Amino acid sequence: MRDTVSEPLPEGMTGAPSLSGGYAPGFGNDFETEALPGALPRGMNSPQRCAYGLYAEQLSGTPFTAPRGQNERTWCYRIRPSVKHMGRMSRIDLPYWKSAPHVDPEVTSLGQYRWDPVPHAGEALTWLTGMRTMTTAGDVNTQVGMAAHVYLVTEGMGDTYFYSADSELLVVPQEGRLRFATELGVIDLAPQEVAVIPRGMVYRVDLLEGPARGFVCENYGQKFDLPDRGPIGANCLANPRDFLAPVACFEDRDCEARMVVKWCGAFHESRIDHSPLDVIAWHGNYAPVKYDLKTFSPVGAILFDHPDPSIFTVLTAPSGVPGTANIDFVLFRDRWNVAEGTFRPPWYHKNVMSELMGNIHGVYDAKPQGFVPGGMSLHNMMLPHGPDEDAFRAASLADLAPSKLEDTMAFMFETRFPQHLTRFAAEEAPLQDDYVECWAALRKRFDGTPEGDW
Ligand SMILES: O=C(O)Cc1cc(O)ccc1O
Ligand SMILES: [Fe+2]
């Protein structure tokens, strides 16, 4: 890939030649970037002839008529139009990547589930062959719901390129480093960062440091957005400036390449003779982004009680019903615990939404044992859960001086839809058969006295 060519600054001025080392900051911004000077048309989208003999093409991420605040599209100026990046498609099988509706009659999804990290199998796996679906929810055909996956990557995709017509992908690495070489530029991704790859965006995933493992939330529905902050005001939580979109760069490369497309839950391939990453300049607001989770500014209880976990929402994908997300992406990062007279860990609860959690790093306060980095848990719709016996005892008896929860980073994909386990999740992944035992020792403390039996 070529490096970004930055525009010369006007005479007598000095300044940074490029933004943020290959990225431009902002969430949902209208970006413009060109890898060759003058490649981006000025003042119009469709010149009669584009500079450098490029083709102009629009990528629409929302319907043409979406309300202005949600309307997303990007204009690309590319060596060939996308229609040249696809030949006749034929079906291929990626047996571990499932889409909703996928309800296996032999699998029980009703229960509290927890998994150890899915181990690296010792076989060579790419972003496509290493994607392992754990749960699906909703329906990919009607564009509602999601799937939760674990990825195991030991090698790059080589000359295979991919796009998902079904979904945008929220990528949450836990181990290793990946490079997403996309049509609009390059995103390098490490643990404790996340990336959002939009629906329809062509890319290839290279391995920078392996093996790599992480989690993916495949969003079939409306795009992830920043949540409204309500009375919190204009700042904190995830701040728009901390999202980074790549600047334009391109490949002008003839090779025997393969384009793989996910469409209505099925995978297809076709052969082409060049790299499709040929966008030399683009402008618009439909772009991949990355975000450093360590820039998330948590807001919490500063006197008493434990608020709902929605205060830690990084991104929310709306469902059309106000306040009822298709998916909330929620982050439990290191933070201060200061609430007085309060049981500080999460309370016991039953939730109409279903909660899939993953541990990126360290120890999660409600589950000091057994929920390890790389591990996942599922507390499905209306399934009771809460702190294990150790966490309950410790927090009930703790001296409530301010204390810092350190070395902790876990997340939740919370969806309004029940999540159905795949056979892989139920039979092949390292399910902890004894997970429910973590609550076994929660004994009756009611003894008729106001103090209870401690
Ligand atoms: O179940 C969990 O551990 C996630 C969670 C955390 C929290 O602080 C409040 C509610 C909740 O579901
Ligand atoms: Fe919960």
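This note goes through the predicted model point by point.

1. Ground rules. Residues are numbered from 1 along each chain as its sequence is written, while chains are lettered from A and ligands numbered from 1 in the order in which they are written. Since the model is predicted, local features need pLDDT of at least 70 and side-chain atom pairs count only at pLDDT 80 or more, but totals for chains, interfaces and linings use all residues.

2. Overall build. The protein has two helices and 24 strands. Helices (H or I, at least four residues) and strands (E, at least two) are DSSP runs, numbered from the N terminus. The radius of gyration is 23 Å, close to the 22 Å from the globule rule for 454 residues, so the protein is as compact as a globular protein of that length. That radius is taken over C-alpha atoms, and the rule is 2.2 Å times the number of residues to the power 0.38. The C-alpha trace spans about 85 × 55 × 40 Å along its principal axes.

3. Burial and contacts. Of the 454 residues, 42% count as buried. A residue is buried if 20 or more other C-beta atoms lie within 10 Å of its own, exposed if 12 or fewer, and partly exposed in between; C-beta atoms are placed from the backbone. Among contacts between residues at least 6 apart in sequence, 78% join residues at least 24 apart. Contact means that the C-beta atoms of two residues, placed from the backbone, lie within 7 Å.

4. In an unreviewed entry, UniProt lists H349, E355 and H385 under "binding site". These residues are spread over 37 residues of sequence, yet they cluster in space, with a largest C-alpha distance of 11.5 Å. UniProt positions follow the numbering used here, feature names are shortened, and annotations may be inferred rather than shown by experiment.

5. The two histidines of that site. H349 sits in the loop between β20 (327-337) and β21 (354-362). H349 is partly exposed because 13 other C-beta atoms lie within 10 Å. H385 belongs to the loop between β22 (376-379) and α1 (389-397). H385 is buried, because its count within 10 Å is 23 other C-beta atoms. Leaving aside neighbours within four places in sequence, H385 contacts Q112 and H379.

6. Ligand 1. The residues around ligand 1 are P309, P346, H349, E355, A366, H379, H385 and M412. Each has its C-beta atom, placed from the backbone, within 6 Å of the ligand. By class, this shell holds four nonpolar, three polar and one charged residues. Ala, Val, Leu, Ile, Met, Phe, Trp, Tyr, Cys and Pro count as nonpolar, Asp, Glu, Lys and Arg as charged, and the others, Gly among them, as polar.

7. H306 lies in the loop between β18 (289-292) and β19. H306 is partly exposed, with 17 other C-beta atoms within 10 Å. Beyond four places in sequence, its contacts include R344, P346 and W347.

8. Strand β19. This strand (residues 313-317) is mostly covered, with five of its five residues buried. β19 and β20 run antiparallel and are joined by four bridges; strands pair if DSSP finds at least two bridges between them. T313 has V330 as its bridge partner in β20.

9. T182. This residue is found in strand β10 (residues 168-182). T182 counts as buried because it has 24 C-beta neighbours inside 10 Å. T182 and C249 are 67 residues apart in sequence but 9.0 Å apart in space, C-alpha to C-alpha.
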